[in-house]
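Open the model in your viewer and keep the selection tool at hand. The tour goes from one selection to the next and says what is found at each.

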Amino acid sequence: GDGESGSVWRWSDASGTLERLLSVPGSASLGLFFEHVTQALQMRPLEDEGKVMALATYAADTSAAANPFLRWFSLTTDPRGLPVLRCAIPPGRMAREVGRIVWCTPREQVSRLAQQTLEELVPRFFSLVAKATGCGNFGYAGGVASNIKVNRLIRLAPGVARLEVCPAMGDGGLALGAALAVWRRVSGARPEPFSDFRLGTRPGDLGASAAQVAQRHGARLQHPADIALAVAERVAQGEIVMWAQGRMELGARALGSRSIVARADSLAARDDLNLRLKRRVWYQPFCPSILLEEAPSLLADYRGARDLNRHMTMGFLTTPRGRSALAGAVGPDGSCRPQMVAADEREPWYRLLAHVRSLTGTGAVINTSLNVHGKPMSDGPAGIVEAWLESGVQHLALGSALLSKEACPVPAAPAAVPCFSTP
């Protein structure tokens with residue numbers, strides 16, 4: 001309702017205040033543009049933009065000069081050197097103009113043109129801000145901040161020293177930032193930096209009621225001495241395991257509290273996971289969680305602490321070893337969206353990855369959110385168990401308990417829709 005699609009603010013540590021530097025008008029919204037492309041491709045707007053980003057990988061490269069979308073936008077500077085983003089297509093015409101291009105262009109090529117538009121404009125926007133202000137450290141959230149391939153290019157852009165993207169990558173991250181700013185103003189105290197985005201309710205041991213679950217549903221119940229080792233052994237053998245430990249994470253990304261895990265180097269495990277549970281489109285890759293100490297050998301553009309990515313918010317290219325070790329979670333362009341997990345023996349998630357490394361040679365797993373297709377993740381044990389029972393996954397690590405179905409058939413493929421014709 002404010003007529004803006006974005007803004008840039010500078011934090012003053014001395015005064016404890018935020019100063020608005022510039023705003024981007026709603027008429028030049030890159031998020032709205034990408035939403036129109038998503039809808040024109042017959043995908044769900046505000047939901048499937050990630051699929052557009054993934055599909056773009058399968059198209060041929062197009063020069064910037066030949067990109068019709070890119071010609072709609074201009075990026076100049078004001079007298080202070082700050083960026084000015086404008087769009088020649090009014091918002092009321094945007095859907096129609098996007099539709100004209102979609103009508104005569106293959107879907108994957110449209111996706112590539114839209115993705116290229118963001119990749120050309122957004123990193124350059126950040127570089128101009130850095131040059132004009134002398135500040136290269138950025139906190140970032142909003143709809144376009146969900147595009148992890150653009151985030152990778154921002155991270156590597158000239159003048160950008162560090163990029164932090166909120167785990168609630170969309171507008172939820174903006175709301176969190178606004179709440180912290182108001183809290184700072186009201187309390188007079190500076191908020192502590194977030195070290196942990198597991199902000200759900202404190203459940204105690206999620207497996208406290210596992211005996212009742214096992215009895216009610218005829219499941220096998222175990223209480224292994226180390227739940228992380230028990231799950232790692234099954235993952236190393238190629239099995240898929242649902243993993244629920246402690247407080248639920250903030251945002252849509254599974255960060256090791258409500259996760260489904262499988263071997264990161266296994267294409268068979270990836271495909272089995274898709275068949276049993278996720279049923280994602282074929283071109284949308286899963287994501288890996290890796291031990292932080294493995295990042296230099298797995299990721300080609302990892303440059304140390306400045307590239308720490310604990311919350312799966314940025315893309316990276318893989319090394320030759322990374323392409324093999326993370327084969328189940330790497331796109332065809334060699335990119336992935338990793339969560340980097342620092343060493344902490346108190347954390348079951350770290351211990352799981354460490355055990356996987358001792359068993360397979362690489363501390364990495366495919367990590368996707370613990371939910372069935374079309375449903376949200378659950379905070380409490382009842383919803384977690386419901387998702388497990390509905391899925392084709394055999395094992396559930398629920399707190400200290402390991403629940404296993406006695407038999408776990410692969411769900412039958414959906415019935416074909418009959419095709420009718422008239423003589």
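## Stop 1: helix H6

Select H6 and colour these residues, which are buried: Ile148, Lys149, Val150, Asn151, Arg152, Ile154 and Arg155. The helix is mostly covered, with seven of its eight residues buried. Keep in mind that this is a predicted model.

## Stop 2: H6 against H5

Now show side chains where the two helices meet. On the H5 side, select Gln115, Leu118, Glu119, Val122, Pro123 and Phe126. On the H6 side, select Lys149, Val150, Leu153 and Ile154. By class, the residues of this contact between H5 and H6 are seven nonpolar, one polar and two charged. While looking along a helix, recall a general point: an α-helix has 3.6 residues a turn, so residues three or four places apart point the same way.

## Stop 3: two cavities

How many cavities of 30 Å³ or more does the structure hold? There are two.

For the largest cavity, select Leu163, Glu164, Val165, Leu308, Asn309, Arg310, His311, Thr313 and Met314, which line it. The volume of the largest cavity is about 70 Å³. Its lining divides into four nonpolar, three polar and two charged residues.

For the second largest cavity, select Gly26, Ser27, Ser29, Leu32, Phe33, Ile89, Pro90, Pro91 and Met94. Helix H1 (30-40) and helix H4 (91-103) are the elements that give two or more residues to this lining. The second largest cavity has a volume of about 40 Å³. Six residues of its lining are nonpolar and three are polar, with no charged residues.

## Stop 4: two residues with positive phi

Select Met312. Its phi is near 60°, a positive value in a residue other than glycine. Met312 lies in the loop between helix H11 (295-298) and S11. Is Met312 buried or exposed? Met312 has a relative accessible area of 1%, so it counts as buried, the cut-off being under 20%.

Next select Gln42, in the loop between H1 and H2. Gln42 is not a glycine either, yet has a positive phi of about 65°. Gln42 counts as exposed because its relative accessible area is 75%, and exposed means over 50%.

## Stop 5: Thr368

Finish at strand S14, residues 364-369, and pick out Thr368 in the strand. Thr368 has a relative accessible area of 7%, so this residue is buried.

Which residues is Thr368 in contact with, leaving aside its neighbours within four places in sequence? Select Ala254, Arg258, Ser259, Ile260, Leu273, Lys278, Arg280 and Phe286 to see them.

Terms used
Residues are numbered from 1 along each chain as its sequence is written. This is a predicted model: local features need pLDDT of at least 70, side-chain atom pairs count only at pLDDT 80 or more; totals for chains, interfaces and linings use all residues. Side-chain values use heavy atoms; hydrogens and water are left out. Contact means heavy atoms within 4.5 Å. Helices (H or I, at least four residues) and strands (E, at least two) are DSSP runs, numbered from the N terminus. Ala, Val, Leu, Ile, Met, Phe, Trp, Tyr, Cys and Pro count as nonpolar, Asp, Glu, Lys and Arg as charged, and the others, Gly among them, as polar. On a 1 Å grid over the protein atoms alone, a cavity is a set of points where a 1.4 Å probe fits but cannot get out, and a pocket is an open set with protein on both sides within 12 Å along at least five of seven lines; lining residues have an atom within 4 Å of a point. Grid points are joined across faces, edges and corners, and a volume is the space filled by probe spheres set on the points. Buried means under 20% relative accessible area, exposed over 50%, partly exposed in between (1.4 Å probe, protein chains only).
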